[in-house]
Amino acid sequence: MTALLETRNITQRFSGLVANSDVSISVGRGEIVGLIGPNGAGKSTLFNLIAGVFRPTEGSIWFDGEDVTALPAAERCQRGVGRTFQVVKSFETMSVIDNVIVGALVRTTVMREARRKAYEVLEFAGLAARAHVLASDLVPAEKRRLEVARALATQPKLLLLDEVLTGLTPTEAQTGVELVRRVRDTGITVLMVEHVMEIVMPLVDRAIVLDLGKVLVQGKPADVVRDPKVITAYLGDRHAVGA
Ligand SMILES: Nc1ncnc2c1ncn2[C@@H]1O[C@H](COP(=O)(O)OP(=O)(O)OP(=O)(O)O)[C@@H](O)[C@H]1O
Ligand SMILES: [Mg+2]
């Protein structure tokens with residue numbers, strides 16, 4: 001069976017800066033894949049390309065067996081690409097439930113149906129008790145979960161999570177890890193960017209390391225964390241790689 005997502009030789013330039021360079025990755029159906037790498041490695045850029053925020057300078061993106069490179073973000077969302085944003089993008093002056101309804105309206109124009117779906121997703125994300133408070137009143141960990149809930153309400157096949165576990169207490173992060181597992185158990189494929197290795201490595205089936213816009217290493221988490229290239233990239237001593 002073909003992969004759910006494939007990027008083929010993706011290069012993204014911003015003026016002179018190469019944010020992604022010849023990036024070819026694939027994500028199989030039902031996998032949880034971790035996308036890791038130092039600050040500025042190009043992780044969020046790759047997410048934006050997959051979600052269709054902009055088109056790559058070079059290369060193509062394949063989703064569910066089709067070339068989606070030319071499709072706008074809304075069309076990719078329709079096809080099942082859901083995402084969260086690294087910088088939380090909730091509608092602060094709207095209630096939690098209304099934020100999630102915005103996601104649900106991707107699949108239906110019937111308000112009652114969108115509301116029903118939104119409640120279901122809030123329940124799933126452990127936010128049902130907060131449905132009627134303003135998004136601005138949520139604590140940071142809840143805001144992250146709201147982001148996930150809104151993305152889930154779009155009923156994605158692929159969920160892109162950009163640092164949803166970052167900046168949380170260990171207990172909150174553990175709740176987040178369990179949420180990601182439960183998401184996958186519903187049949188949704190997950191590609192997640194995360195910095196904290198201790199949290200992400202036990203969770204993912206596979207890890208892909210980006211560094212300076214390129215895929216540095218990919219493989220099983222246990223192998224990736226031991227790879228000298230990865231250790232060097234994280235320590236910032238690039239000269240020791242000898243590449
Ligand atoms: N829209 C843009 N215009 C110009 N440069 C950009 C744009 N988006 C990202 N960049 C640059 O591309 C490089 C990669 O950024 P990106 O945000 O993808 O990294 P990242 O791996 O997500 O980093 P972080 O871990 O800090 O979130 C950076 O040098 C960044 O400044
Ligand atoms: Mg980022």
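Guide: A crossing of two helices counts as right-handed if the near helix is turned clockwise from the far one by less than a right angle. In this predicted model, helix 3 passes helix 4 in a crossing of that right-handed kind.

Visitor: Which residues make the contact of helix 3 with helix 4?

Guide: Helix 3 contributes Val96, Ile97, Val100, Ile101 and Ala104, while helix 4 contributes Met111, Ala114, Arg115, Lys117, Ala118, Tyr119, Val121 and Leu122. Sorted by class, these residues comprise 11 nonpolar and 2 charged, with no polar residue among them.

Visitor: Why are helix 3 and helix 4 called roughly perpendicular?

Guide: Helix 3, which spans residues 96–104, packs against helix 4 at an angle of about 115 degrees, and their axes lie 8 Å apart. Angles of 65 to 115 degrees count as roughly perpendicular, and the two helices are therefore described in that way.

Visitor: What makes helix 4 and helix 5 oblique to each other?

Guide: The axes of helix 4 (residues 111–124) and helix 5 (residues 140–153) come within 9 Å and cross at roughly 135 degrees. Roughly perpendicular ends at 115 degrees and roughly antiparallel applies over 145, and helix 4 and helix 5 are therefore oblique to each other. The contact itself joins Lys117, Val121, Leu122 and Phe124 of helix 4 to Ala149, Leu152 and Ala153 of helix 5, and by class its residues are 6 nonpolar, 1 charged and no polar.

Visitor: How do helix 3 and helix 5 pack, and at what angle?

Guide: Helix 3 and helix 5 pack at about 35 degrees, with 6 Å between their axes, and their crossing is right-handed. On the helix 3 side the contact is made by Val96, Asn99, Val100, Val102, Gly103 and Ala104, and on the helix 5 side by Leu146, Ala149, Arg150 and Ala153. This contact holds 7 nonpolar residues, 2 polar and 1 charged, where Gly is counted among the polar residues.

Visitor: How do you know that Thr45 makes a polar contact with ligand 1?

Guide: A polar contact is a pair of N or O atoms within 3.5 Å, and a polar side-chain atom of Thr45 lies 2.5 Å from an oxygen atom of ligand 1, so the pair meets that cut-off. An oxygen atom of the ligand is likewise 2.9 Å from a polar backbone atom of Ser44, and one is 3.0 Å from an N or O atom in the side chain of His195.

Visitor: Which of the residues around ligand 1 come nearest?

Guide: Of the 14 residues around ligand 1, those that come nearest are Gly40, Gly42, Lys43, Ser44 and Thr45.

Terms used. Residues are numbered from 1 along each chain as its sequence is written. Chains are lettered from A and ligands numbered from 1 in the order in which they are written. This is a predicted model: local features need pLDDT of at least 70, side-chain atom pairs count only at pLDDT 80 or more; totals for chains, interfaces and linings use all residues. Side-chain values use heavy atoms; hydrogens and water are left out. Axes are lines fitted to C-alpha atoms, for helices over the stretch in contact, and angles run from 0 to 180 degrees between N-to-C directions. Helices (H or I, at least four residues) and strands (E, at least two) are DSSP runs, numbered from the N terminus. Angles under 35 degrees count as roughly parallel, over 145 as roughly antiparallel, 65 to 115 as roughly perpendicular and the rest as oblique. Contact means heavy atoms within 4.5 Å. A residue is near a molecule or strand if one of its heavy atoms lies within 4 Å of it. A polar contact is a pair of N or O atoms within 3.5 Å; within protein, one must be able to donate a hydrogen and the other to accept it, and residues adjacent in sequence count only if both atoms are side-chain atoms.
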